Amino acid sequence: MTTTAPAADPTADDLDVPSVTARHFALAVLALAMGGFAIGTTEFVTMGLLPQIAGGVDVSIPTGGHVISAYAVGVVVGAPVLAFLGARLPRRALLVALMAAFAVGNGLSALATSYEQLMVARFAAGLPHGAYFGVASLVAASMARPSRKGRAVAQVMLGLSVANVIGVPAATVLGQELGWRAAFWAAAGLALVTLALVVWFVPSVPGDADASGRRELAAFKVPQVWLTLLAGAVGFGGMFAVYSYIAPVVTDVAGLGERSVPVFLLSFGLGMVAGTWLAGIMADWSIFRSLIIGGTGMAGTMLAFWLTAPHGWAALPVVFLITTLGSVLVVNLQLRLMDVAGEAQTLGAAMNHASLNIANALGAWLGGVVIAAGWGLRAPALVGLALSLAGVAILLVSARLHVRAQASHVI
């Protein structure tokens, strides 16, 4: 998996840890990104193998879809809880523990013999998700100079994007050929590979010795934390409103064959990779301006998708732009939370993915609501437009509060 270079390789001047050479930095980021690759693979492969999974545990496809929700709930629960409990632990050791738990969760998923067991296993597999990305982002940022922090975090997040281009299609084919359990065994194997790479290549980074439960929870008293989380939960929901229903739009609205659907999914994945690379550069320029550009750009692409969907392949570059701008939003939300959480760094960094999984559920649900109401398969794009603009509005409120706080501080 090539996930280590959204920008030029770092030189010694880019690194903030004297003992970390450029080569060691690249290997450490590769190890951290491999975890994102494993997580992205198991999170999205369930959608590709849903019919097989549902049949394997003797439930209908709509009921089987709840295993996707179980994973998302695990992310939302696990991000704050594990970050809270692990804030004082050495960060490399915490990453190893999180990947070990992730491997176990996927192994239990592969071994599940009933729907109930699979639901519990998917919930367990989701628990380490948010905390892993939060801690990995903190470790990557700690190795880079402030001027390169955005690119360092983007390099870690690139693993999740590459998973949608390589990991998910490969695991889907594996599951189709060898049975759906093989996909979860593969995810468990990727987790173990990540664990070994983290042990070998990630430098020892101490935890926050001064962290306490009270201090970590203090992040939730900061209005900017809540506004950033809300901006992610609402604004990024627009992407999922479109992504969740892309298959019927391609076949029934665009009039293309079923074999065209993977091409559109590939375009989504390539957009994520491009956006994550771009996000690192933009973040080092301005995190907040990048958030506004990502949010408003997504709104524009949602409208463009609504307009081009009936015209076949004309919609293909639009879906690429949707995830490109969405990834700019995601990476910069991660960095924004790391900034506004104050001393509660571990909890603040981990909560981004809890917010994004709420966006997943919100966007897919609202998209289904408008389709069920008879507004047509293109209607989720208008839902996405509204959600994206709402996210931008929340960010502008955040900016307004920041300006007021700065003014009162000066006075």
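I began with Asp 284, which is partly exposed because its relative accessible area is 24%, where buried means under 20%, exposed over 50% and partly exposed in between, with a 1.4 Å probe and protein chains only. The model is a predicted one, in which local features need pLDDT of at least 70 and side-chain atom pairs count only at pLDDT 80 or more, while totals for chains, interfaces and linings use all residues. Residues are numbered from 1 along each chain as its sequence is written, and side-chain values use heavy atoms, with hydrogens and water left out.

**Salt bridges**

I searched the whole structure and found two salt bridges, each being a side-chain nitrogen of Lys or Arg within 4 Å of a carboxyl oxygen of Asp or Glu. In one of them the side chain of Asp 284 meets that of Arg 151 at 2.7 Å, N to O. This pair links distant parts of the chain, with Asp 284 in helix H13 (residues 261–285) and Arg 151 in helix H7, 133 residues apart; helices here are DSSP runs of H or I with at least four residues, numbered from the N terminus.

I then looked up the pair of Asp 339 and Lys 149, whose side chains meet in a salt bridge at 3.3 Å, N to O. Asp 339 lies in helix H15 (residues 316–340) and Lys 149 in helix H7 (residues 149–178), so the pair ties together parts that are 190 residues apart in sequence. Asp 339 counts as partly exposed at 43% relative accessibility, and Lys 149 also counts as partly exposed, at 25%.

**Cores**

I listed the largest nonpolar core, which has 94 residues, those with the most contacts inside it being Leu 32, Phe 236, Met 239 and Phe 305; such a core is a set of buried Ala, Val, Leu, Ile, Met, Phe, Trp, Tyr and Cys residues joined through side-chain atoms within 4.5 Å. A second, separate core of 13 residues includes Ile 53, Ala 110, Trp 180 and Ala 183.

With neighbours within four places in sequence left aside, Ile 246 is in contact with Phe 264, Leu 265, Phe 268, Phe 305 and Val 319. From Ile 246 to Leu 265 the C-alpha atoms are 8.1 Å apart in space, and the two residues are 19 apart in sequence.

**Two helices**

I checked helix H8 (residues 180–201), whose 22 residues reach 32 Å from first C-alpha to last, close to the 32 Å expected at 1.5 Å a residue, the expected span being 1.5 Å times one less than the number of residues. Among the buried residues of H8 are Trp 180, Ala 183, Ala 187, Ala 191 and Val 198. The 21 residues of helix H5 (residues 91–111) should span 30 Å, and the end C-alpha atoms agree with this at 30 Å apart. The buried residues of H5 include Arg 91, Asn 106 and Ala 110.

**Loops**

I noted that Asp 58 has a phi near 60°, a positive value in a residue other than glycine. Asp 58 sits in the loop between helix H2 (50–56) and helix H3 (61–64), and at 72% relative accessibility Asp 58 counts as exposed.

Note on methods
Contact = heavy atoms within 4.5 Å.
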